[in-house]
Structure formats: C-alpha cells, structure tokens
Amino acid sequence: MAKENLSIKDKIAIVASIVALGLSLYAFVRDTLLNQHVLRASVVSIDEKGDRLLASILLVNAGKHYETLYKARFIYSDDLSTGGGATSNEFVGPIVVKPGEAVVLTLDASKPNIQKLRDDGTIKNPKSGIHLGVIFDPLTPSGQLKDDSKIFRFTELLFSGSERAGSKPRPGDNDRLIDLL
C-alpha cells in the first residue's frame, strides 16, 4: 500500500479543528467551573458629619450566583496590618447582591474617641492616630459565616492630643477592590 501525504489544506483543517476544540473546552471550563462565586468590595469615600463617620462602600458581584455580605463595620487600631483592633457597634448588612450587580452601601457610625481607644489599649502609641478600616464578614457559598474576615484598610485619622488634625493613607492601605470570598 502506498502511503498518502496530507495536503496543506488538510493539515490546516486539522490544526484549526484542534484550536477550535481547545477554545471550546477552555470556554466550557471558564463558564461552568471558574469564577462561580466572586464578591469584591471597596471603600469609595469617607466623610465626617458632626459626630458621625460615613463610608460609601462598593460591593461588586462578578460571579454567577447570589452572594451575601453578612456584616460590614468600622475597625480601629494603631496598625491594622498587625491584626486586632476595636470595631464600631454600628454596621450594615446583611446584603444580598445579584450576579453581575454592583451595590453602594453607606456605613454610618459614631466617630471613634481617640482618648477612649488609648485608655483601653487599642491605640498603644500615644503619638499614633487611628488606623481606620472596614471589616467585612461575607457568607461562604454553603451559607456559613466565613472564618476569616477581610479588612479594607484605607486611612489614618491623625490627632494632635485629642483633637482631629487630618488624615492620610498609610503605606499598604487598600486603594482598589478586594476579594471577599
């Protein structure tokens, strides 16, 4: 039997078929297995009104399922990167976000008292301000409260003694969306 060589057209058709099959498999895996549960958050702005502290929070559900943020509240510390701190009594939540939607929330809480935080040991350095963040407690896809909360660190409230003297971000503070799940 004589061996037949494939023509250039046949080789191109085989390569195109393999590439199309690979792309189809990739799309299938991406659409059915990956990015199923995606919930992201960011603190868009912070404002002080009288004795209140207000934060605008953006929640984005880029996944394919409904996601729930159980609770979001302020957290105060001398350095949030080292862990620990005191949380505000006020919070927002629970909030359910539909797939593909973004929601803006307003977290409204009383301003932290620097002297009280220094007295109870939350702020250990008398020259330190309050490192301010928002702590997020999302629910897992199975409906359980996530074991580890996510903290969005965004600014330091500066003080001169016990009087407010301004604010500025610290190195390592967040400036874009963080993943909650």
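This is a predicted model: local features need pLDDT of at least 70, side-chain atom pairs count only at pLDDT 80 or more; totals for chains, interfaces and linings use all residues.
Residues are numbered from 1 along each chain as its sequence is written, and side-chain values use heavy atoms, with hydrogens and water left out.

Strands here are DSSP runs of E with at least two residues, helices are runs of H or I with at least four, and both are numbered from the N terminus.

So, strand S3, residues 67-77. Why do we call S3 largely enclosed by the rest of the structure? Because nine of its eleven residues are buried, meaning under 20% relative accessible area with a 1.4 Å probe, protein chains only.

Now its partners; strands pair if DSSP finds at least two bridges between them. S3 pairs with S4 in the antiparallel sense over two bridges. With S7, residues 130-138, S3 is again antiparallel, over eight bridges, and there Ile75 stands opposite Gly133. S5, residues 95-97, is antiparallel to S3 over three bridges, with Ile95 as the bridge partner of Leu69.

Last, the largest pocket. A pocket is an open set of points on a 1 Å grid over the protein atoms alone, where a 1.4 Å probe fits, with protein on both sides within 12 Å along at least five of seven lines; lining residues have an atom within 4 Å of a point. There are 13 of those here, with Tyr76, Thr87, Ser88, Pro112 and Lys116 nearest the centre. Strand S4 (86-87) and helix H2 (114-119) each give two or more residues to that lining.

Definitions and conventions
Buried means under 20% relative accessible area, exposed over 50%, partly exposed in between (1.4 Å probe, protein chains only).
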